[in-house]
Structure formats: C-alpha cells, structure tokens
Amino acid sequence: MIIDKLYKECIEKSPICVGLDTKIEYLPEYLMKNDMSIEEKIFTFNKMIIDNTSDLVACFKVQIAFYEALGIEGLKAYSKTVKYIRKKGKIVIGDIKRGDISSTAEAYSDAHFSGDFEVDIITVNPYMGYDSISPYEKYMENKDKALFMLIHTSNKSSKDFQELKIHEEKLYMKVAEKCNKWGENSIGESGFNKIGGVVGLTFPEEFLEIKKKTPNTFFLIPGYGAQGGKGESIKEIFKDGICGVINSSRGIITAHKGKNEDENFVKYTRQAVLSMKEDLIIG
C-alpha cells in the first residue's frame, strides 16, 4: 500500500519531503542565462535536485500553482517532473488542494491520478464534506493512490475558521476526526490509512491534540524552517514513532542562493537536506 511504502521510506531514509515549489528566480544564474525554454530550465533544476537528494528523503511534493503561473510551459515542466520522480521509484505528492464535488471532483481525480499529471498522493480540501473526498476512492482502491486532506494548516490566519468552536470543540478537531473515520477501512500494515492529514508544524500543541484523536492518520507536515516550525517540535510529535513526512521547500531548493550560481549549486541543496536530517534526529 502506498502509505506503507511512504512509511518505510521514512524509516529507511528520513521523514523529509522536499517541496519543489519552483520559481524562475530560484534557479542558479547559469540556468537563468541559458537559452533553453522555461520548461527545460525548470525541469533541469528539479531533476538535479531530485538526483542529488532522493537517497536522503522519503518523497517529493510538487506544488502545482508555481507551474500554473508559468503557463503551458510550466505545466509541461510539472508533468515531466512528476513523471521523473515516479520513474526513479520515489513517491510524489501533487500539492493541488482541490476541493469540489460530484463530476468536478471526478475530473480532478482523473487529471491527477492518471494521465500527464499522475502522482501517488494529492492534497485535497475537505471543507465541502465527504462529497469532496469520495470521488477519489476509485483510484485509492484500484490504483493504490492516497490523499492528504487539510486539517489544520500552517498559516497564521488559519484560526479565522479552523479554530472556531462547534459544540465546544474546534472545527479542525471535527475535521481530524472525519479524516480518521473516512480512512478507517484502508489501514495498511504500518497502521496508517490512505487518507492522511495536513497539519502545520507552526501549531505544535494543536498538532499533539490532533495526533491523540487520530491514531491511524499519517501526516503531511508543512511549516518547517522558513515558516517557523522547529525540529524540537517534531521530536515531541514523533516520540512514539514516525507518523508523517515533514516538508521543506524554500529552505532546500534556494539553499544555493548567494553562495553558488553554477552547475555545482546542488551541493548546497544536498547539504540543506543533511542539515535538516540532523535537526530532526529523534531520541
């Protein structure tokens, strides 16, 4: 099962997820000045990062918005990137955060669990209820795909809605309970199910509260590094065992900026992953 494979990668390598939130300005100067197309520049950058970090990390997350912003060439780079990651035998998360129902959600599932944009796991927004999750089930059952649904996000204004109280319980806890329940029939050997949750490291106390109520939920954890989340918080969350992957994007893919702008930039990328791995040591 894909979640079991992801859990195994966390144990054998590290619970690090490299976020390929690639912008043109993140590229080293030698690529910026190259006469390649935008598609080829972005893909070359991503490929070099993938090749130089895949032995250290559990998975990669590709945020589609950064590629959509570059138009058709950007989406071609997105497609080539996710295909390349899967070809290398690594797990790729399509960070698409779709949240719709009925035939529209079915179209999203077709678009991102098959065809040019096929990935292993996608992020989804469940705030339209179970109807926004159920259309993905056919792929979870027949093609071993999985979801990470938003529970408590890492941004400061998440409290505007996610922390509102409903019958004396905060909304994000209601969502967390549904996440655990909706996935209860797909629990793998690792003890985790195919519907995971997105919970930000920027709210460590709330994270521990969520974890207690969702014993079978595996997490995608944003907010480490640039957003303020710390390795110490992960040690507390993981004290009973690894239960998620920690994403870092800018902290890794821009590690070379101001230090190296030629084809050797990836040595700084790799060092950033090694430093993060050291910071996350559990024990």
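Of the contacts in the chain with a separation of 6 or more, 74% link residues 24 or more positions apart, where contact means heavy atoms within 4.5 Å. The model is predicted, so local features need pLDDT of at least 70 and side-chain atom pairs count only at pLDDT 80 or more, while totals for chains, interfaces and linings use all residues. Residues are numbered from 1 along each chain as its sequence is written, and side-chain values use heavy atoms, with hydrogens and water left out.

The secondary structure comprises 13 helices and 10 strands, taken as DSSP runs numbered from the N terminus (helices H or I, at least four residues; strands E, at least two). The radius of gyration is 18 Å, close to the 19 Å of the globule rule for 283 residues, so the chain is as compact as a globular protein of that length; the radius is taken over C-alpha atoms, and the rule is 2.2 Å times the number of residues to the power 0.38. Of the 283 residues, 54% are buried (under 20% relative accessible area, with a 1.4 Å probe and protein chains only).

A closer look at one residue follows. Thr 217 sits in the loop between helix H10 (204–213) and strand E9 (219–221). Thr 217 is buried, its relative accessible area being 1%. Beyond its neighbours within four places in sequence, Thr 217 is in contact with Cys 179, Asn 180, Phe 192, Ile 195, Gly 196, Gly 197 and Cys 243.

Definitions and conventions
Buried < 20%, exposed > 50% of the residue type's maximum accessible area, 1.4 Å probe, protein only.
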